[in-house]
Amino acid sequence: PRHDARAEMRFFEVQRSPSAAIRKAALCELPDGKRHPHQRRIPKAVLEQAEARLQAIGRNLANAGDFAALHGLLEGEIGSIKGIGALTVYDIAQRIGAHFGKAPRLVYLHAGTRTGARVFNISGDSFDPRTLPKAFSRLAASEIEDCLCIYKDELRGSAHVRTARRKSRC
């Protein structure tokens, strides 16, 4: 999973232009041309609407001071679109951020990550990864986000985790 996530971010990092990176990120395209599983149920027209809004503020996205500012711009611009939730805002921000060299320093909570974070009595929309036990310290914030989602059931102590649950929305 770690290698796959890095390869996915590298795909957005090397896009030939900011416009191309924004397009692929907003349409949730993976290197193989397929849509990311997190956004598979979102109608293409909704993602195209998000893309149009993001292309219109492309210069602002490029000039965002850090990932938090970039995420805030996306939340303000596409967060109100029906069908775009917190997970999609985060995923698109992370993809665009890869292109502009802006990685998350905080762990953002949504869907599955919120469930995993509750084990550590963490709530809110985001948190500083240094508040977690030392075992997490070698992971980047985005890797912690993945870990909290993928292993939310194990973190809660569930002994019967099915593969289908692991692939649920994070």
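View A. Phe136 counts as buried, because its relative accessibility is 11% and buried means under 20% relative accessible area, exposed over 50% and partly exposed in between (1.4 Å probe, protein chains only). This is a predicted model, where local features need pLDDT of at least 70, side-chain atom pairs count only at pLDDT 80 or more, and totals for chains, interfaces and linings use all residues. Residues are numbered from 1 along each chain as its sequence is written, and side-chain values use heavy atoms, leaving out hydrogens and water.

View B. Rings of Phe, Tyr and Trp (its six-membered ring) pair if their centres lie within 6.5 Å; planes under 30 degrees apart count as stacked, over 60 as edge-to-face and the rest as tilted. Phe120 is partly exposed, with a relative accessible area of 24%.

**View C. Phe67 meets Tyr108.** The structure holds five aromatic pairs. In this one, the ring centres of Phe67 and Tyr108 are 5.4 Å apart and the planes lie at 70 degrees, so the pair is edge-to-face. Both Phe67 and Tyr108 are buried. Ring pairs also join Phe67, Tyr90 and Tyr108 into a cluster.

**View D. The buried residues of helix 7.** In helix 7 (residues 111-118), the buried residues are Gly112, Thr113, Thr115, Gly116 and Ala117. They pack against strand 1 (107-108), strand 2 (126-127), helix 8 (141-150) and helix 9 (152-155), where contact means heavy atoms within 4.5 Å. Helices (H or I, at least four residues) and strands (E, at least two) are DSSP runs, numbered from the N terminus.
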